Amino acid sequence: MACEETHYYCNHAGEDGTPMAPEGSECTSDLADLYEDSDVDDTAGKPEVVPVEHDKNSLHDKRKINYLWNPVDSMAGHAGSVRALAEFKGVLHSGDETGVLGVWSAKIGNGRYYWSRRVGLKGHTGAIRALAANEDTLFSASEDKTIRLWRDDATVAVLLGHRAEVTSLALDRTRGLLYSGSEDKTIRVWNDGHHLDTFFGHTGGILALVYAEGALYSGGWDSTIRVWRDSEHEFTLKGHRGAVTALAYDSANGILYSGADDKSIKLWR
């Protein structure tokens, strides 16, 4: 169902064509500069819940974890709790509860990471809830009800339309589509900053999105997972007894993972 509301889209560029942050959005070379001024029935629900077998010789062996997994560095600079992360081709993006974005680049040498860049981007007026990135654009979703598009460390577009906190983002890289989920119970579809469609169906706010294998999966406060394909609702997965707060997809094995407030992780296929 197409949305008939009016939405806002803006571009900002300098005289040389370089993207610039609009009024109210700032960029600084250092993050620090910004801060001066139950029990569950595991068999419930369909499709099938797939059991997980643990191999005592796998990476879950504590001795191997201690050997293979150790912190190699720690980045400080955020003034509030970090709420979202997105990595794309060696660049790490972080968003915090104060609405500030961190951009971190690393080089590997002599077996360790060397962080060569640290940038703080300011523009959101609420906590950042989700991030996504592609070749040239960073997308940030916030409790201020907006989605911002960033290029070259500057805001190039602000997407308005959601009526509550924007909680989740997902990318269809093949078709260049951005999906946004919100506490307003809707999922919106965007292309190059323009609103294309709105999905309705959830009876509670959206908390998680993941796109994979030509389908969009959405989870929310109504304890369900909805599957969307070609802008249509295909079917609903039921089984969780609490809000569905996280989703991930294993493309190699065709398995959808869902985490929820009922303290469980379910596997679907």
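Colleague: How many helices and strands does the chain have?
Modeller: The secondary structure comes to one helix and 20 strands. Helices (H or I, at least four residues) and strands (E, at least two) are DSSP runs, numbered from the N terminus. This is a predicted model: local features need pLDDT of at least 70, side-chain atom pairs pLDDT 80 or more, while totals for chains, interfaces and linings use all residues. Residues are numbered from 1 along each chain as its sequence is written, and side-chain values use heavy atoms, with hydrogens and water left out.

Colleague: What share of the chain is buried?
Modeller: 48% of the 269 residues. Buried means under 20% relative accessible area (1.4 Å probe, protein chains only).

Colleague: New topic. What volume does the largest pocket have?
Modeller: About 320 Å³. A pocket is an open set of points on a 1 Å grid over the protein atoms alone, where a 1.4 Å probe fits, with protein on both sides within 12 Å along at least five of seven lines. The volume is the space filled by probe spheres set on the points.

Colleague: Which residues lie nearest its centre?
Modeller: Val91, His93, Glu135, Asp136 and Thr137, out of 17 lining residues. Lining residues have an atom within 4 Å of a point. β3 (91–96), β5 (112–122) and β8 (147–151) each supply at least two of the lining residues.

Colleague: And the second largest pocket, what volume there?
Modeller: About 200 Å³. Its lining has 16 residues, with Asn134, Phe139, Leu171, Gly176 and Asp192 closest to the centre.

Colleague: Which elements give two or more residues to that lining?
Modeller: β8, β10 (166–172), β11 (177–182) and β12 (187–191).

Definitions and conventions
Buried means under 20% relative accessible area, exposed over 50%, partly exposed in between (1.4 Å probe, protein chains only).
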